[in-house]
Structure formats: C-alpha cells, structure tokens
Amino acid sequence: MDFHVVNGELCVDNIEVLGVSASSLFLIGDAQTIQLSSAFDTPPESLIIGPAFPFIPKG
C-alpha cells in the first residue's frame, strides 16, 4: 500500500490520553516510514470475548 499525505503547519498544545487499546499507534508529527506488527501468544481456545452468559434484554 502506498499512502502519501502532505500536511501543513501543526501546533499541539495539550494531549490527554484516557485509554489505550490492545494495538494502537499514537503519532504527532511526521514519519518517513511506519511499520506495524503484532504477536499474540495466547491459544485461541483460551480467549473469551463478550459476556460469559447469554445476553437477554429486559423488556
């Protein structure tokens, strides 16, 4: 993928980070090259996503 961006002048006064995800990139300014990679060493069968019980809406 070839991605080209031309930015003008940038002035950052204050930054407040409230949370960071499992995989994230936070960048202010210029970068010639960005290379992202990740590794996941937990077996898929031990990964739990969402509630451990069926969701039944009240109504």
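Trainee: Why is isoleucine 28 called partly exposed in this predicted model?

Mentor: Buried means under 20% relative accessible area and exposed over 50%, with partly exposed in between (1.4 Å probe, protein chains only). Isoleucine 28 has 40% relative accessibility, so this residue counts as partly exposed. The model is predicted, and local features need pLDDT of at least 70, side-chain atom pairs pLDDT 80 or more, while totals for chains, interfaces and linings use all residues. Residues are numbered from 1 along each chain as its sequence is written, and side-chain values use heavy atoms, leaving out hydrogens and water.

Trainee: How many of the 59 residues of the chain count as buried, in percent?

Mentor: The share is 0% of the 59 residues.

Trainee: What makes up the secondary structure of the chain?

Mentor: Helices (H or I, at least four residues) and strands (E, at least two) are DSSP runs, numbered from the N terminus. The chain has zero helices and zero strands.

Trainee: Which classes of residue line the largest pocket?

Mentor: Ala, Val, Leu, Ile, Met, Phe, Trp, Tyr, Cys and Pro count as nonpolar, Asp, Glu, Lys and Arg as charged, and the others, Gly among them, as polar. The lining has five nonpolar, five polar and one charged residues.
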